[in-house]
Amino acid sequence: AVASAAFVMQDKVASSLQRPVQSLRDVVFLGKRRLSLEVLKKLQAFNTAYSSLRHVTATERAHLVQDVASAFDALGHPNSPEVEDCPAYDDPNPVLSDRFASL
């Protein structure tokens with residue numbers, strides 16, 4: 001779905017400007033004077049995500065998920081002193097907690 005959206009945007013810009021567009025980076029560059037700041041920021045974020053997906057293997061993504069899950073597991077129980085002292089701590093969302101527990 002992400003790759004399809006990227007190709008559609010590239011094709012549309014190429015067709016509109018009658019010139020080759022090789023990547024979403026080209027779309028970002030060409031859109032700087034044509035797109036609203038809001039749309040340009042979304043496009044830049046989409047390009048970053050798409051680039052990451054293209055350059056990271058499934059194994060690397062799985063390792064990242066495991067590393068993040070392990071780091072949060074290492075924090076301990078939500079009532080432990082380490083977690084309570086964390087300035088960014090907020091009450092855990094039970095839906096998210098259950099999802100990460102299954103990883």
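Predicted model: local features only at pLDDT ≥ 70, side-chain atom pairs only at ≥ 80, totals over all residues.
Helix H1 covers residues 2-17. Helix H2 covers residues 24-31. Helix H3 covers residues 37-55. Two packed helices are described by the angle between their axes and the distance between the axes. The table gives both for H1 with each partner.

| Pair | Angle between axes | Distance between axes |
|---|---|---|
| H1 and H2 | about 50° | 9 Å |
| H1 and H3 | about 125° | 10 Å |

**H1 against H2**

H1 and H2 pack at about 50°. H1 is therefore oblique to H2. Their crossing is left-handed. From H1, the contact draws on Ala6, Met9, Gln10, Val13 and Leu17. From H2 come Leu24, Val27 and Leu30. Sorted by class, this contact holds seven nonpolar residues, one polar residue and no charged ones.

**H1 against H3**

H1 and H3 pack at about 125°. This angle makes H1 oblique to H3. The crossing of H1 and H3 is left-handed. On the H1 side, the residues are Val2, Ala3, Ala5, Ala6, Phe7 and Met9. They meet Leu43, Phe46, Tyr50 and Leu53 of H3. The classes here are ten nonpolar, no polar and no charged residues.

**Met9, a residue of H1**

Met9 lies in H1. It takes part in the contact with H2, and it also takes part in the contact with H3. Setting aside neighbours within four places in sequence, Met9 touches Leu24, Val27, Leu43 and Phe46. Leu24 sits 15 residues away along the chain, yet the C-alpha atoms of Met9 and Leu24 are separated by 7.7 Å. Is Met9 buried, partly exposed or exposed? Its relative accessibility is 27%, so Met9 counts as partly exposed.

**Gln10, also in H1**

Gln10 is found in helix H1. It belongs to the contact of H1 with H2. Its relative accessible area is 7%, so Gln10 is buried. Beyond neighbours within four places in sequence, Gln10 is in contact with Val21, Gln22, Ser23, Leu24 and Val27.

Gln18 lies in the loop between H1 and H2. Its phi is positive, about 55°, although Gln18 is not a glycine. Is Gln18 buried or exposed? At 70% relative accessibility, Gln18 counts as exposed.

Ser23 comes at the start of H2. A side-chain oxygen of Ser23 reaches to within 3.3 Å of the backbone nitrogen of Arg25.

**H2 and its cover**

Which residues of H2 are buried? They are Leu24, Val27, Val28, Leu30 and Gly31. The cover over these buried residues includes H1 and H3.

**Asn47, on H3**

Asn47 lies in helix H3. With a relative accessibility of 15%, it falls under the 20% limit, so Asn47 counts as buried. Which residues does Asn47 contact, leaving aside its neighbours within four places in sequence? They are Leu24, Arg25 and Val28. Two of these, Leu24 and Val28, are buried residues of H2.

Conventions:
Residues numbered from 1 in each chain as written. Heavy atoms only, no water. Helix = DSSP H or I, 4+ residues; strand = E, 2+ residues; numbered from the N terminus. Buried < 20%, exposed > 50% of the residue type's maximum accessible area, 1.4 Å probe, protein only. Contact = heavy atoms within 4.5 Å. Axes fitted to C-alpha atoms, helices over the stretch in contact; angles between N-to-C directions. Parallel < 35°, antiparallel > 145°, perpendicular 65-115°, else oblique. Left-handed = near helix turned anticlockwise from the far one by under 90°. Nonpolar A, V, L, I, M, F, W, Y, C, P; charged D, E, K, R; others polar. Polar contact = N/O pair within 3.5 Å; in protein donor to acceptor, adjacent residues only side chain to side chain.
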